[in-house]
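Open the model in your viewer and switch to the cartoon view. We will go from stop to stop, selecting as we go.

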Amino acid sequence: MSLRKCPTSKRFSPKYKDCSVLGGVGALVMQDDVGRYAEKKGLYVLTQSGDGGAMLANPRNFRAREFA
């Protein structure tokens with residue numbers, strides 16, 4: 001799904017019409033430049049933590065973009 005198509009997804013799920021749409025990308029291993037690009041686009045960046053779990057890689061002051 002492209003960033004331009006995210007807002008149109010509410011047409012297919014009317015019960016979520018009043019909800020915000022946020023986006024994110026995730027990978028087990030993510031190159032720094034890919035994570036920075038996603039963050040600049042307002043996306044959450046989810047990656048593997050040191051203990052085998054998952055973690056958000058965004059800084060504390062990160063503000064996600066609302067797509068709709």
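Start with the sheet. Three strands make it up, in the order β1-β2-β3. The sheet is open, and its pairing is mixed. Now select β1 (24–27) and β3: these stand at the edges. Each has a single partner strand, so one side of each is left without a neighbour in the sheet. Turn the view and look for the twist, which averages 20 degrees from one strand to the next. Keep in mind that this is a predicted model.

Next, select β2 and β3 together. How many bridges join β2 to β3? There are three, and the two strands run antiparallel. To see a bridge pair, pick Gln48. The bridge partner of Gln48 is Ala54, in β3.

Stay with β2, which covers residues 44–48, and select Tyr44 there. Is Tyr44 buried, partly exposed or exposed? Tyr44 counts as partly exposed because its relative accessibility is 30%.

For the last stop, move to the segment after β3 (54–56) and select Arg63. Arg63 counts as exposed, because its relative accessibility is 73% and the cut-off for exposed is over 50%. Arg63 and Glu39 are 24 residues apart along the chain.

Key:
Residues numbered from 1 in each chain as written. Predicted model: local features only at pLDDT ≥ 70, side-chain atom pairs only at ≥ 80, totals over all residues. Heavy atoms only, no water. Helix = DSSP H or I, 4+ residues; strand = E, 2+ residues; numbered from the N terminus. Buried < 20%, exposed > 50% of the residue type's maximum accessible area, 1.4 Å probe, protein only. Pairing = 2+ DSSP bridges. Axes fitted to C-alpha atoms, helices over the stretch in contact; angles between N-to-C directions.
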